[in-house]
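Here is a short walk through one protein model. Keep the sequence and the 3D view side by side as you read.

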Amino acid sequence: MADKDLSVMNSSTQARNDHHCILIPNGSTSNNNSISNSSTDGGGRDVALKTPRLVSLDVFRGLTVALMVLVDQAGGILPAINHSPWNGVTLADFVMPFFMFIVGVALALAYKKLPCKIDATKKAVLRALKLFVFGILLQGGYLHGVHDLTFGVDILQIRLMGTLQRIAIAYLLTAVCEIWLKREGVVKSGRSMLKKYKFQWIFVLVLTVTYTALLYGLHVADWEYQIPSENSAFSSNTTLVNCGVRGDTGPACNAVGMIDRKLFGIQHLYKKPAYTRTKECSINSPDKGPLPPNAPSWCQAPFDPEGILSSVMAVVTCMIGLHFGHIIVHFKDHKHRIISWINPAAGLVIAGFALNFCGMHINKALYSLSYTCVTVGAAGILFVAIYVMVDVFGSRKPTLVFEWMGKHALVIYILAACNVFPILVQGFYWNEPGNNLLRLIGIGRS
């Protein structure tokens with residue numbers, strides 16, 4: 001018995017001395033949306049007490065999914081809510097930052113207690129990898145579209161980046177920061193919280209400075225791309241885009257596009273970028289339309305709105321969401337939380353519009369610094385409003401649909417935004433592929 005007690009004591013001491021694995025009593029972990037405390041019963045035994053699930057996270061996530069479905073389905077009919085062709089911000093342009101923001105908030109709760117940092121890191125890497133591969137399958141071109149019953153994609157043409165891929169990258173980097181870049185210590189005030197997470201804020205500063213330096217400092221040389229000929233599938237027209245500039249933020253000669261062309265190859269970029277709806281590229285701008293006379297040479301060039309450099313600022317958005325989550329973890333008073341949220345959120349919105357006024361345009365495709373500030377600030381303000389409504393005042397009935405959508409966000413995204421549901425419906429037809437349910441209700445092609 002003494003030997004057994006000694007071995008248990010030694011293993012416990014070894015776990016405490018391990019810098020990567022932290023020994024935590026059983027039952028102290030919590031789910032992503034709840035905060036747990038502990039108390040004792042009459043017999044002196046520890047009893048885990050869980051506060052109610054933080055409903056505002058699910059509602060915010062569900063509202064974002066609903067917004068995504070709305071702009072995807074109605075954006076073609078109402079160009080005013082569709083993605084901005086280039087500079088400026090519309091309703092659709094808030095969807096991606098809202099997703100990034102709420103991922104960060106949830107990560108702060110998920111990694112509040114870490115039994116083992118190495119295991120947590122392995123799980124984060126695996127989850128991010130699964131999400132990235134899933135994104136390539138859904139958005140790389142394997143599913144050709146709502147009106148096409150074929151499938152498969154040429155590996156030489158597959159799109160490598162996309163919405164889920166960007167979320168995977170932001171999730172992984174933010175999770176690693178939360179696992180490894182936080183100091184020990186008790187948080188009693190906003191200052192002590194900044195001290196605890198100062199290395200995370202240094203990381204945010206490094207990302208922001210790096211992005212800005214590359215966007216405005218890299219020289220963009222002339223480049224060319226090929227447009228398939230209408231007369232033959234085996235011939236193409238090579239088009240030259242003249243640049244030779246530095247610090248340009250227009251559609252043709254920006255550093256964001258150049259980096260993606262260099263790293264991925266232009267054939268792996270998004271084939272239908274939003275700038276095809278600009279006045280230079282569409283006679284029906286801001287809607288899609290034929291090319292106007294003397295259209296610029298870049299109008300038909302691929303450009304990925306979820307590219308590498310632009311994803312850097314998406315990570316920053318996720319990190320700011322992580323800070324909002326830290327406030328939930330460390331501050332229990334509603335008033336303290338709301339004040340700690342609303343002040344930086346409002347400040348970010350003001351800073352974003354100020355940067356835009358100074359010439360750093362709000363731009364979703366580039367994920368500019370001004371766009372980051374405006375959208376993440378708006379996300380923070382909306383989150384506060386939802387929190388006050390459902391978690392402070394307990395008014396959940398008006399948001400039950402959004403709460404349900406938030407709990408099933410990934411499934412809804414796959415079925416709706418990735419056109420999986422319409423494709424599945426069209427897969428059942430009578431006599432010929434054109435005779436399907438979507439055509440019957442007026443959605444499918446004639």
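The paragraphs below take up a helix pair, a nonpolar core and some backbone details.

This model is predicted. Start with two helices, α3 (residues 95-110) and α5 (residues 163-180). Their axes come within 10 Å and cross at roughly 30 degrees. Angles under 35 degrees count as roughly parallel, so α3 is roughly parallel to α5. The crossing is right-handed. On the α3 side, the contact is made by Met96, Phe99, Met100, Val103, Leu107 and Ala108. Helix α5 brings residues including Ile167, Ala170, Tyr171 and Glu178. By class, this contact of α3 with α5 has 10 nonpolar, two polar and two charged residues.

Now turn to the interior. In soluble globular proteins, nonpolar side chains tend to be buried together. Here the largest nonpolar core has 112 residues. Leu57, Tyr111 and Phe383 have the most contacts inside this core. Helix α9 (residues 308-330) gives the largest share, 14 residues.

Next comes the backbone. Most residues other than glycine have a negative phi, and most peptide bonds are trans. Look at the loop between α8 (255-264) and α9, where proline 286 has its place. The peptide bond from serine 285 to proline 286 is cis, with omega near 10 degrees. Asparagine 294 is also found in the loop between α8 and α9. Its phi is positive, about 60 degrees, although asparagine 294 is not a glycine.

Tyrosine 367 has a positive phi too, near 50 degrees. This tyrosine 367 lies in the loop between α10 (334-357) and α11 (369-392). Are these two residues buried or exposed? Asparagine 294 counts as exposed, at 80% relative accessibility. Tyrosine 367 counts as buried, at 0%.

Technical notes. Residues are numbered from 1 along each chain as its sequence is written. This is a predicted model: local features need pLDDT of at least 70, side-chain atom pairs count only at pLDDT 80 or more; totals for chains, interfaces and linings use all residues. Side-chain values use heavy atoms; hydrogens and water are left out. Axes are lines fitted to C-alpha atoms, for helices over the stretch in contact, and angles run from 0 to 180 degrees between N-to-C directions. Helices (H or I, at least four residues) and strands (E, at least two) are DSSP runs, numbered from the N terminus. Angles under 35 degrees count as roughly parallel, over 145 as roughly antiparallel, 65 to 115 as roughly perpendicular and the rest as oblique. A crossing is left-handed if the near helix is turned anticlockwise from the far one by less than a right angle, and right-handed if clockwise. Contact means heavy atoms within 4.5 Å. Ala, Val, Leu, Ile, Met, Phe, Trp, Tyr, Cys and Pro count as nonpolar, Asp, Glu, Lys and Arg as charged, and the others, Gly among them, as polar. A nonpolar core is a set of buried Ala, Val, Leu, Ile, Met, Phe, Trp, Tyr and Cys residues joined through side-chain atoms within 4.5 Å. Buried means under 20% relative accessible area, exposed over 50%, partly exposed in between (1.4 Å probe, protein chains only).
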